[in-house]
Amino acid sequence: MYALCDVNSMYANCEKVFDPSIRNKPVVVLTNNDGCICAACGIAKRLGIGKKFLPYFQVKKELAAAGAIIRSSNYELYADLSQRMMDTCARFAPDINVYSIDECFLYYGKQAKAPALGWEALAAQIRHTVWREVRLPICC
Amino acid sequence: MLKFIPIKAVAGIVGFESPAAEYTQLSLDLDQLLIDHPSATYIGIADGDSMVGDGIFSGDLLIVDRALEIKDHDVVVANLNGVFVCKKINKSKRCLMSSGDNVPPYFLQEGDIFQVEGIVTRSIRLHRPFTKSL
């Protein structure tokens with residue numbers, strides 16, 4: 001049995017962890033040198049803005065009109081929060097494979113017995129714990 | 001009375017193994033001493049004097065633990081309408097209490113954005129300012 005844990009819009013949501021004033025706003029993160037869009041949070045996606053990899057200069061006005069918060073990439077921040085998220089997920093399985101900055105696989109063995117509370121409830125518990133301890137929303 | 005944290009030292013005797021060598025402990029690590037949940041702990045700096053009654057002064061370091069269960073009257077850092085605040089929480093009265101002079105409690109209202117970010121487990125006074133920039 002495997003579990004896949006994946007942070008939703010990792011870069012954009014990392015920006016919200018230490019800045020509560022932008023938690024309820026559309027946030028868009030740009031690539032190195034602010035060239036292109038590389039992440040947009042859920043709120044931005046729902047507004048239909050911040051499409052990935054669009055050059056920033058093309059959509060600058062549109063983003064400003066929607067009141068989007070624009071951030072340059074901050075890799076130290078993402079790496080730190082990634083490590084925290086991985087450490088938290090690792091507590092829930094005997095084996096973990098870190099797949100990328102925002103994804104990991106948890107492995108429970110070939111013929112893993114379902115936990116007492118059931119697999120789905122365990123996944124919910126992982127999501128809940130990562131949100132509580134790291135303040136990142138994940139899918140699991 | 002000041003209590004010291006015992007750290008055993010190694011005696012530097014050459015040619016003869018110190019009988020104290022076996023008792024050597026690793027040098028003191030403040031992280032280990034102060035932080036119970038490393039992946040869920042954050043450090044903040046207090047701003048303002050509304051919590052002086054709990055010994056938290058402006059400029060103090062706050063060690064904030066997100067992994068702990070909140071209990072009534074815990075000192076917490078919370079997100080209140082988009083701003084981090086440090087207050088004592090009263091769950092039954094749904095209010096945030098300060099401990100400074102003449103600071104009234106804040107009663108949570110409908111429409112408030114409120115979320116406890118973590119519990120302040122330690123606060124550290126900087127008797128001399130930082131020599132390194134943060």
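**Figure 1. Strand S4 of chain B gives the largest share of the lining of the largest pocket, 5 residues.** The model shown here and in the other views is predicted. The volume of the largest pocket is about 510 Å³. Its lining has 23 residues, and those closest to the centre of the pocket are Gly44(B), Ile45(B), Leu62(B), Val77(B) and Phe84(B). Two or more lining residues come from each of strand S1 (41-45), strand S2 (61-65), strand S4 (83-90) and strand S7 (114-124) of chain B. By class, the lining of the largest pocket holds 14 nonpolar, 4 polar and 5 charged residues.

**Figure 2. Secondary structure and extent of chain A, with 5 helices and 7 strands.** Along the sequence, the elements of chain A come in the order β-α-β-β-α-α-β-α-β-β-α-β. Taken along the principal axes, the box filled by the C-alpha atoms of chain A is roughly 55 × 25 × 25 Å. Two helix pairs of chain A are shown in the views that follow, and H4(A) belongs to both.

**Figure 3. Packing of helix H1 (residues 10-17) against helix H4 in chain A.** Two packed helices are described by the angle between their axes and the distance between the axes. For H1(A) and H4(A), the angle is about 90° and the axes are 10 Å apart. Angles of 65 to 115 degrees count as roughly perpendicular, and H1(A) and H4(A) are therefore roughly perpendicular to each other. H1(A) makes the contact through Met10(A), Tyr11(A), Cys14(A), Glu15(A) and Val17(A), while H4(A) contributes Tyr75(A), Leu77(A), Tyr78(A), Leu81(A) and Ser82(A). This contact of H1(A) with H4(A) comprises 8 nonpolar, 1 polar and 1 charged residues.

**Figure 4. Crossing of helix H4 (residues 75-90) and helix H5 (residues 119-134) in chain A.** The axes of H4(A) and H5(A) come within 10 Å and cross at roughly 140°. Angles over 145 degrees count as roughly antiparallel, and H4(A) and H5(A) are therefore oblique to each other. The crossing in which H4(A) passes H5(A) is right-handed. On the H4(A) side, the contact is made by Leu81(A), Arg84(A), Met85(A), Thr88(A) and Cys89(A); on the H5(A) side, by Ile126(A), Thr129(A), Val130(A), Glu133(A) and Val134(A). Sorted by class, the residues in the contact of H4(A) with H5(A) are 6 nonpolar, 2 polar and 2 charged. Leu81(A) of H4(A) also takes part in the contact with H1(A).

Methods. Residues are numbered from 1 along each chain as its sequence is written. Chains are lettered from A and ligands numbered from 1 in the order in which they are written. This is a predicted model: local features need pLDDT of at least 70, side-chain atom pairs count only at pLDDT 80 or more; totals for chains, interfaces and linings use all residues. Side-chain values use heavy atoms; hydrogens and water are left out. Axes are lines fitted to C-alpha atoms, for helices over the stretch in contact, and angles run from 0 to 180 degrees between N-to-C directions. Helices (H or I, at least four residues) and strands (E, at least two) are DSSP runs, numbered from the N terminus. Angles under 35 degrees count as roughly parallel, over 145 as roughly antiparallel, 65 to 115 as roughly perpendicular and the rest as oblique. A crossing is left-handed if the near helix is turned anticlockwise from the far one by less than a right angle, and right-handed if clockwise. Contact means heavy atoms within 4.5 Å. Ala, Val, Leu, Ile, Met, Phe, Trp, Tyr, Cys and Pro count as nonpolar, Asp, Glu, Lys and Arg as charged, and the others, Gly among them, as polar. On a 1 Å grid over the protein atoms alone, a cavity is a set of points where a 1.4 Å probe fits but cannot get out, and a pocket is an open set with protein on both sides within 12 Å along at least five of seven lines; lining residues have an atom within 4 Å of a point. Grid points are joined across faces, edges and corners, and a volume is the space filled by probe spheres set on the points.
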